[in-house]
Amino acid sequence: MKRIKEKIIHGLFFFNGVLVVMVLLGIFALLIFTAIPAFKEIRLSEFIFSSNWNPTSYVKSSYGIGAMLVSTFMVTLGSLLIAIPLGIGTAAYLSDVASPKVREIAKPVVEILAGIPSVVIGFLGIVLVGPLIAKIFHIPNGLNAVNGSILLAIMALPTIVSMSEDALNSVPKSYIEASLALGASHWQTIVKVKIPAALSGIIAACMLGMGRAIGETMTVLMATGCAPAMPEGFFSAVRTMTSTIAIELGEVPYYTTHYYALFGVGLVLFIITFLVNMTSDIILHKHQRLSR
Amino acid sequence: MRIKRFQEKLGFLFLSFCMVVILLILITIFYDIISKGSSKISWEFLAASPSNGMTEGGIFPAIVGTFLVTLITAALAIPLGMGCAIYLNEYAKDSKITRLIRMSIRNLSGVPSIVYGLFGVVLFVQLMRLDTSILSAGLTLGLMTLPWTITASEEALKNVPNSYRQGALALGATKWQSIKTNVLPYAVPGMLTGTILGLSRAAGETAPILFTGAAFFLPFIPKSLFSQFMALPYHLYIMATQHHAIEKVRPIAYGTALVLVVLIFLMNLSAIIIRYNLRKVKKG
């Protein structure tokens, strides 16, 4: 009796664990099944390579996600250009420069930043960052890719900082002692020994931050101007994949080509973030195995 | 030698500068929201419905909506998250399927929130016929919170010393008995803390509820779990971008942002207090 009960409980927990796998597979499967009908009317090559997205055209609706892909890539690149140096710098500060007391205060700062909802960051993009950009660069409107990049950098920073810090802290003490014993300064040790030794962990952190930036919706939806055309540069309004879904799915009737096509966009988004996260995961695991 | 010193000074200055920038970002965010939002906060703002084309009145329905949807999120994420963590930490051996579960968790935490929204539309709104409702939105958010809950719960389980488990087993307890009496009581505070932190993130999310239940405007609070609802983050989004008189409602947007941030801060604080208190009880 007791044994049967134990078996049942074990089985329930096992099922609970497998459920997580089913959720991930379920997301993937539902995205595929909902996206497939779109390709009865849209050619796959047009979907991926054309940059003309105009589903509600009176003449001929077109579904090309090229402009969105470029837009997503642009704001992500911009955000990484800001967040990577800042994030690694802060991580190095926390792990090597800060006194224990300062660290005690500084670490929560990063955690609190991670807790601020994206919609609040997006709102501040409209009321603070936008006008600032308009003023500095003398352009009429500050809602553009630069604005989006800055906000996404803020969103990605906590991930990059805390993971990079972990990576830096896991560098064996003997490396650092050896470097100092050879007469290197503390700074030289950080740059030439610690960061290279922790590099794979830091790269994994940046990849994860990148995944976050690619998938972030509300900030880019609110602060990038959302013009559905091929962006001309960092000061033009852009519309990413995430914001296209957010804008259009609420207004489109269910079970139309347009609706299915939006799930196609979601599928592309899912695959891209999945690949980025997997890469980060693989790098991190190699790193962990090596440092052991 | 002198150059080296100088180089080091300059380098450390740069690292400190990075930290200062992040600190300044945080201060700017809080200063702006608090300074411009606090004047809007009043009893009326918190307890009244929006009125006059959403240019006046309060945000009471949005507060209630966010509260209800977070309850549903918790109802899904807490048991499933804890169960999965218990399986991984107490039962699972290092097998292929365990590694697959762990990989799925890491990947789920990286799935964009808007994709969870799409998933919710198909699964909860359409297939399960829950329509756009508190239930659909809460379940969608619950799935999104799951990986965070699992990770936090497992962390808490790991902190329970192995001797506690062995002690129970040595006295003849079954595996489940040892978990129930000797592991969970010590792990629950940590599990709750992590879970509440996850819930606070879910409460601030907008993208997953855009199409699963959040409503532009409702003059009253939702009647049942099957009705649409207003939510604080969605309300802020509307007030910041979609309203016909955006400049006029800016104070309301600031007020909403402040309430949202304070709410999340309070949730985090309660998590910390729970942890602190339960730790004290355990010691005493």
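Predicted model: local features only at pLDDT ≥ 70, side-chain atom pairs only at ≥ 80, totals over all residues.
Which domains does the domain assignment give for chain B?

**View 1. Domains 1 and 2 of chain B.** The domain assignment of chain B gives domain 1 as 2-40 and domain 2 as 44-283. Taken over C-alpha atoms, the centres of domain 1 of chain B and domain 2 of chain B are separated by 31 Å. Six residues of domain 1 of chain B are in contact with eight residues of domain 2 of chain B. On the domain 1 side, the touching residues divide into two nonpolar, two polar and two charged.

**View 2. The contact between chain A and chain B.** Here, 62 residues of chain A are in contact with 66 residues of chain B. Which helix gives the largest share of the chain A side? Helix 1 of chain A, residues 2-35, does, with 18 residues. By class, the side of chain A that touches chain B has 42 nonpolar residues, 17 polar residues and three charged residues.

**View 3. Helix 5 of chain A against helix 6 of chain A.** Helix 5 covers residues 118-137 and helix 6 covers residues 145-169. They pack at an angle of about 140 degrees. Their axes are 10 Å apart. The angle makes helix 5 of chain A oblique to helix 6 of chain A, because over 145 degrees is needed to count as roughly antiparallel. The crossing of these two helices is right-handed. Helix 5 of chain A makes the contact through A:S118, A:I121, A:G122, A:G125, A:V129, A:G130 and A:I133. Helix 6 of chain A contributes A:V146, A:N147, A:I150, A:L151, A:I154 and A:M155. By class, this contact has eight nonpolar, five polar and no charged residues.

**View 4. Helix 6 of chain A against helix 9 of chain A.** Helix 9 of chain A spans residues 199-215. It packs with helix 6 of chain A at an angle of about 160 degrees, with the axes 8 Å apart. That makes helix 6 of chain A roughly antiparallel to helix 9 of chain A. Helix 6 passes helix 9 in a right-handed crossing. From helix 6 of chain A, the contact takes in A:L152, A:M155, A:A156, A:T159, A:I160, A:M163, A:S164, A:D166 and A:A167. From helix 9 of chain A come A:G201, A:I202, A:A204, A:A205, A:C206, A:L208, A:G209, A:R212 and A:A213. The residues of this contact divide into 12 nonpolar, four polar and two charged.

Note on methods. Residues numbered from 1 in each chain as written. Chains lettered and ligands numbered in written order. Axes fitted to C-alpha atoms, helices over the stretch in contact; angles between N-to-C directions. Helix = DSSP H or I, 4+ residues; strand = E, 2+ residues; numbered from the N terminus. Parallel < 35°, antiparallel > 145°, perpendicular 65-115°, else oblique. Left-handed = near helix turned anticlockwise from the far one by under 90°. Contact = placed C-beta atoms within 7 Å. Nonpolar A, V, L, I, M, F, W, Y, C, P; charged D, E, K, R; others polar. Domains from an automatic or database assignment.
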